[in-house]
Amino acid sequence: MPHSATSKQAGTATLSYDGKSASLPVLTGSLGPACVDVRKLQGELGVFTFDPSYGATASCESAITYIDGDAGILLYRGYPIEQLAEKSTFLEVAYLLLFGNLPNKAELGVFTNGVTRHTMLHEQIRRFWDGFRRDAHPMAMLCSVVGAMSAFYPDSIDTQDPRQREISAYRMIAKIPTITAWAHKYNAGQPFVYPRNDLNYSENFLHMFHAVPAEPYEQNPILTRAMDRILILHADHEQNASTSTVRLAGSTGANPFACIAAGIASLWGPAHGGANEAVLKMLAEIGHKDNIPAFIEQVKDKNSHVKLMGFGHRVYKNFDPRAKIMQQTCYEVLGALGIKDEPMLDLAMELERIALEDEYFVSRKLYPNVDFYSGIILKAMGFPTTMFTPIFALARTVGWISQWMEMIEDPQQRIGRPRQIYTGAAARDYTPIDQRG
Ligand code: CMC
């Protein structure tokens, strides 16, 4: 797994403060804006940088994913997401993200075989589910079961051993569909369905998710292709909140399963991966096109704390390219299922149309993101709303593990440890309790 080519110095920036001045290198990568390297700032000027929520901070060098938020461009290892979504399979994309290049036939064969051979879970893990409530949110189950994997696979948690890192990557990518499908089966009160290695990645997931022992499960090629595409679109997205969480946890030397569990926890929030579930709840609450104007007014009222879910993005200030492909996939899936009239889709499209004409959204450059249409597709494919975010986690697992690998192999890697502006009390002496007012 290649480590990223390092950035180059393109110039220097000078920062002066308190009579002193620091000359800071300005670094450039292969694409994207230049970055001021502030690592020596504290030594030279005695100050830190302040950037809560990291809106202006590059936290690492990475050669995996590139986003141009103004142009609406997303590249995995240089390949446009549109081309990968149209032409590639999820496992090809997984290989690309992990190893840096598209595989040839032989390489893909070896990789697919490796993933396929790891799809079963240690049988003892089954017993974990007995401990959960029947109505447990599947993200809660995913988080705990993935975290517990380090207890079941201790032979691949030495982060300094490249072979063990690779085995844990295979294990994560192979087992996460099984864990995700079983979380649903537990909720549904249906028997767990074991993986089938004669099926491809998406077919196997759909089989474990939807099949029941009582009758054969028939795959619909348009739906398996749509599943693959949904996984491709969610596979990686550079240093988003959950990926940064995985990297931060991994920077301490924590084992990969613990790091991915941390990523799953971070993804769960409605501002991040939980948005796909929140979009459907929002559409259900709006209920009818006639209610859209009142809803939009509510969104625009800061005091309401209501957001238009599936809209807006920290990096995209233009159309999220994934949203366009999702919309197209939505039509394909509804067509394949013979759904001619989907009120949720009509409502979503009208909501999008009204929002894109509204000054509030236009001036803030708020566009539909990947989650705006994904929920409608997943619902049509028979996934319960609570499973939307777990499916995002399933797809993002390959991104998390690729970024984790890259970080471990980065010679610049040190424990992640931000500083703060302290605003609390200055040093003061302890007062005995009977002397306190
Ligand atoms: N609805 C209404 N107003 C919004 C929205 C929205 N969805 N998103 C941003 N704004 C407003 C925000 O209130 C702020 O207004 P003002 O300048 O008047 O204070 C302005 O737009 C800038 O937004 P921000 O909060 O500074 O943007 P951010 O980068 O901190 O947040 C975001 C990005 C994705 C968390 C946010 O847009 C949001 O909450 N969207 C809805 C949730 C969502 O769809 N999340 C999925 C993201 S894509 C999938 C993923 O990768 O996770």
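Q: Which residue takes a positive phi in the hairpin of β5 and β6?
A: Strands here are DSSP runs (E, at least two residues), numbered from the N terminus. In that hairpin, Arg77 has a positive phi near 50 degrees, and two residues lie between the strands. This is a predicted model, in which local features need pLDDT of at least 70 and side-chain atom pairs count only at pLDDT 80 or more, while totals for chains, interfaces and linings use all residues. Residues are numbered from 1 along each chain as its sequence is written, and side-chain values use heavy atoms, with hydrogens and water left out.

Q: How many bridges join β5 to β6?
A: Two strands pair if DSSP finds at least two bridges between them. Strand β5 and strand β6 (residues 79–80) run antiparallel and are joined by two bridges; Tyr76 has Tyr79 of β6 as its bridge partner.

Q: What is the sense of the pairing between β4 and β5?
A: Strand β4 (residues 65–68) pairs with β5 (residues 73–76) in the antiparallel sense, over four bridges. Opposite Thr65 stands Tyr76 in β5. Four residues separate the strands of this hairpin, where Gly72 has a positive phi near 70 degrees.

Q: How many disulfides are there?
A: A disulfide is a covalent bond between the sulfur atoms of two cysteines. With the criterion of a pair of cysteine sulfur atoms within 2.5 Å, the count is zero. Cys35 is in no disulfide, and the nearest cysteine sulfur, that of Cys60, is 10 Å away.

Q: Is Cys330 buried or exposed?
A: Buried means under 20% relative accessible area, exposed over 50%, and partly exposed in between (1.4 Å probe, protein chains only). Cys330 is buried, because its relative accessibility is 0%. Cys35, at 30% relative accessible area, is partly exposed.
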